[in-house]
Number of protein chains: 4
Amino acid sequence: MRQTIKKESIRLFGENGFKETSIQDIVQALHVTKGTFYYYFSSKEELLTEIHFEFIDNLVEQIDEIASHTTKKNHQKLVDVVRLMVINIKSERSSGNILFREMRHLGENSYTEIARKRYEVRERVEGIIEEGIRDGEFRANLNSSIVSLGILGIVNWSYQWLNPEGKFSPEEVANIFVDMILHGVLLQEEDNR
Amino acid sequence: MRQTIKKESIRLFGENGFKETSIQDIVQALHVTKGTFYYYFSSKEELLTEIHFEFIDNLVEQIDEIASHTTKKNHQKLVDVVRLMVINIKSERSSGNILFREMRHLGENSYTEIARKRYEVRERVEGIIEEGIRDGEFRANLNSSIVSLGILGIVNWSYQWLNPEGKFSPEEVANIFVDMILHGVLLQEEDNR
Amino acid sequence: MRQTIKKESIRLFGENGFKETSIQDIVQALHVTKGTFYYYFSSKEELLTEIHFEFIDNLVEQIDEIASHTTKKNHQKLVDVVRLMVINIKSERSSGNILFREMRHLGENSYTEIARKRYEVRERVEGIIEEGIRDGEFRANLNSSIVSLGILGIVNWSYQWLNPEGKFSPEEVANIFVDMILHGVLLQEEDNR
Amino acid sequence: MRQTIKKESIRLFGENGFKETSIQDIVQALHVTKGTFYYYFSSKEELLTEIHFEFIDNLVEQIDEIASHTTKKNHQKLVDVVRLMVINIKSERSSGNILFREMRHLGENSYTEIARKRYEVRERVEGIIEEGIRDGEFRANLNSSIVSLGILGIVNWSYQWLNPEGKFSPEEVANIFVDMILHGVLLQEEDNR
DNA sequence: AATGAATGAGTATTCATTCAT
DNA sequence: TATGAATGAATACTCATTCAT
């Protein structure tokens with residue numbers, strides 16, 4: 001039941017927002033009563049916190065695994081990270097949207113910790129960029145910090161518009177993004193850097 | 001007074017969210033009473049609608065101007081659009097965040113219209129990409145639609161983290177983004193496309 | 001278990017109040033579950049009722065014993081009653097506070113019966129006063145009814161402030177009260193009644 | 001309206017208790033809505049706090065006036081205090097009962113301050129006793145502290161049972177109490193201290 | 001142009017109680 | 001004996017909105 005509630009809440013929070021979804025909405029969708037909700041969760045905030053942690057912990061773990069790989073080239077790592085996050089949309093779109101939108105409703109401590117974990121994600125990407133520069137894979141004059149934020153912008157933003165059932169599958173979109181990030185949009189002979 | 005209310009509301013909605021900001025909060029910050037608010041706006045939603053339209057109309061207009069330029073190269077147009085939107089953060093950050101986050105609170109009609117206008121922005125960017133491909137400025141195998149969404153992801157996401165008073169100015173960030181979008185991250189000699 | 005529950009409940013009701021103490025609080029303090037509580041008591045009210053009866057029945061019995069003594073002088077009986085009730089605080093403070101504060105939560109029948117038993121206590125004290133007047137021990141112009149309520153006020157109120165571990169022991173306090181009740185506060189030669 | 005709400009709340013809290021009286025009960029009795037209540041009071045606790053302060057401040061002031069009188073004999077002051085508090089029941093019974101019973105529902109700060117003010121009342125009575133001892137009006141071996149608590153027990157307890165419309169008027173009761181406190185219950189010739 | 005009193009529908013949360021196992 | 005899941009009614013409180021002045 002705890003899992004059922006969480007799953008339905010993720011759907012509703014993701015679709016309509018945390019504030020906009022009442023406990024009533026959640027239990028109604030599950031044909032149980034408010035009492036049941038509060039038997040499993042001590043507050044709406046606790047539920048939200050758990051949703052946040054489950055999503056971010058899983059993400060950090062997967063990205064860590066990619067980033068800490070010892071034999072892979074860095075551009076391959078970058079490709080893997082982008083693919084991971086975009087393809088994640090298929091199963092975790094709502095959770096992602098909740099993370100990107102509802103953090104402010106966390107309690108102070110959880111907020112801080114989630115913020116730190118989000119920063120870890122950014123650091124891993126930055127690390128890949130920096131190492132790639134050192135290894136001569138990436139252009140030397142890249143600002144790793146801002147470029148990472150750009151890359152994360154591309155993938156995070158796709159949680160807002162990418163419909164897994166739509167014209168382009170997450171896999172196709174991920175490939176297009178990867179190509180764009182690696183090579184840019186310009187034709188080489190017109191390169192007027 | 002109408003402008004004063006709108007300005008303060010943009011600040012509060014941007015900072016704390018639409019649902020999270022009560023009419024009380026707004027009028028209290030302005031040292032007036034609720035009655036005053038309702039003398040100028042017929043509802044909270046009307047205020048939100050107006051904020052949305054003012055921001056998006058202005059944006060569409062500026063982007064239109066860039067896109068419809070007849071002599072500029074397309075890669076220059078792309079640069080201009082990115083610069084416009086990122087530098088916009090200096091003066092319109094809150095409005096931008098409201099647009100990206102609070103659309104769901106609009107009435108049905110306004111929602112549709114705002115969505116159409118947001119789509120127009122996307123179309124202009126797509127148009128620039130497509131024309132650039134035709135003109136041989138951009139790589140031929142780009143998916144203009146997804147690439148545009150990627151570019152918009154980069155710039156829109158920066159509304160979330162870019163602090164105009166921070167280490168990197170919006171101008172610098174815009175330049176880094178432009179460079180990244182045009183050339184990608186790879187070094188050419190290592191290009192293993 | 002029944003006794004354990006009752007004992008813990010007396011402590012909690014006495015400390016925090018009947019309404020303020022939830023069944024959850026009680027069973028949590030005992031490391032059992034709500035089901036267990038309802039196995040032993042059919043309702044919170046039943047528990048409260050039992051607490052009331054146990055305390056008042058015991059009190060009435062002890063006071064009856066004092067009052068029905070055939071050889072003791074009445075002023076000695078009065079002394080005994082005051083001592084009994086004040087020294088009771090050592091072991092029964094919580095029960096006493098519950099009786100004085102939570103009667104309204106009893107069911108109608110229990111309420112009536114407890115009220116009758118409390119009245120019996122009052123009657124015994126009144127009886128001692130009246131008999132003492134008849135026997136020439138007490139002043140003839142005393143209003144036995146109001147004086148009794150005064151005496152009960154002194155002792156009952158001490159349940160609110162008398163800390164058995166405090167500066168004055170219940171025994172000392174009882175002696176001071178007895179002296180005060182018997183002789184008043186005035187010096188005789190200054191008596192200006 | 002603020003006064004109306006307060007007055008009705010005093011009645012209801014005094015009769016049925018703070019916890020037992022819902023905001024619903026209060027506004028229903030006044031034929032207004034919950035919103036109205038919260039227009040005038042920010043919380044139930046604020047209302048309770050105000051009730052406490054109004055009662056205790058008024059009481060402290062009146063007792064201060066009596067205690068600080070320069071020409072009155074101390075036994076007369078004691079008489080005045082008892083009369084004041086008992087006769088108060090006519091107009092302030094509910095407020096008194098609230099003070100004696102519902103303090104625990106105050107916020108921490110208010111609680112502390114009210115406790116201090118209640119202690120002031122006790123100090124004034126103690127002061128009268130002590131001064132009376134020094135002046136040779138009262139018996140020298142009185143424990144002023146415990147005796148004061150006894151006297152306050154008599155008067156405070158009467159808030160629980162004294163019905164202003166009953167057989168004995170507050171004035172009569174006050175006189176009986178005064179007589180009892182000053183002279184005790186024993187006949188002098190039988191005095192076996 | 002502005003106020004402030006009043007509303008009523010909605011929100012998160014609590015809690016005594018039930019009951020199948 | 002004891003558990004733990006589930007209930008549903010009640011509670012304090014919020015808030016957008018109305019309206020007479």
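**Two chain pairs in a predicted model**

Between chain B and chain A, the count is 4 salt bridges; a salt bridge here is a side-chain nitrogen of Lys or Arg within 4 Å of a carboxyl oxygen of Asp or Glu. One of the bridges between these chains joins the side chains of A:Arg139 and B:Asp179, at 2.6 Å from N to O.

Some ground rules. Residues are numbered from 1 along each chain as its sequence is written, and chains are lettered from A and ligands numbered from 1, in the order in which they are written.

The contact involves 48 residues of chain B and 49 residues of chain A, contact being heavy atoms within 4.5 Å. About 4700 Å² is buried between chain B and chain A, and carbon and sulfur atoms give 62% of that area. Buried area is the accessible area (1.4 Å probe) lost when two parts are put together, summed over both. On the chain B side, B:Arg139, B:Trp157 and B:Val185 lose the most area to chain A, together 17% of what that side buries.

Now chains D and C. Here 49 residues from chain D meet 47 residues from chain C. The buried area between chain D and chain C is about 4700 Å², with 62% from carbon and sulfur atoms. In chain D, the residues that lose the most area to chain C are D:Arg139, D:Trp157 and D:Val185, which together make up 17% of what that side buries. There are 4 salt bridges between chain D and chain C. One pair is C:Arg139 with D:Asp179, whose closest N and O atoms are 2.6 Å apart.

What about contacts across the pairs? Chain A and chain C do not touch, and their nearest C-alpha atoms are 12 Å apart. Chain B and chain C do not touch either, with nearest C-alpha atoms 32 Å apart.

Next, the annotated part of chain A. UniProt, in an unreviewed entry, places "domain: HTH tetR-type" at residues 1-59. That span is 78% helix and 0% strand, and its end C-alpha atoms lie 25 Å apart. Helices (H or I, at least four residues) and strands (E, at least two) are DSSP runs, numbered from the N terminus. UniProt also lists "DNA-binding region", again from an unreviewed entry, at residues 22-41 of chain A. Those residues are 75% helix and 0% strand, with end C-alpha atoms 14 Å apart. UniProt positions follow the numbering used here, feature names are shortened, and annotations may be inferred rather than shown by experiment.

Where does B:His31 lie? B:His31 is in the loop between helix 2 (23-29) and helix 3 (34-40) of chain B. Its phi is positive, about 55 degrees, although B:His31 is not a glycine. B:His31 counts as exposed because its relative accessibility is 74%; the cut-offs are under 20% relative accessible area for buried, over 50% for exposed and in between for partly exposed (1.4 Å probe, protein chains only).

In chain D, D:His31 sits in the loop between helix 2 (23-30) and helix 3 (34-40). Phi of D:His31 is near 55 degrees, a positive value in a residue other than glycine.

Last, C:Tyr40, which is in helix 3 (residues 34-40) of chain C. At 30% relative accessibility, C:Tyr40 is partly exposed.

How values were computed. This is a predicted model: local features need pLDDT of at least 70, side-chain atom pairs count only at pLDDT 80 or more; totals for chains, interfaces and linings use all residues. Side-chain values use heavy atoms; hydrogens and water are left out.
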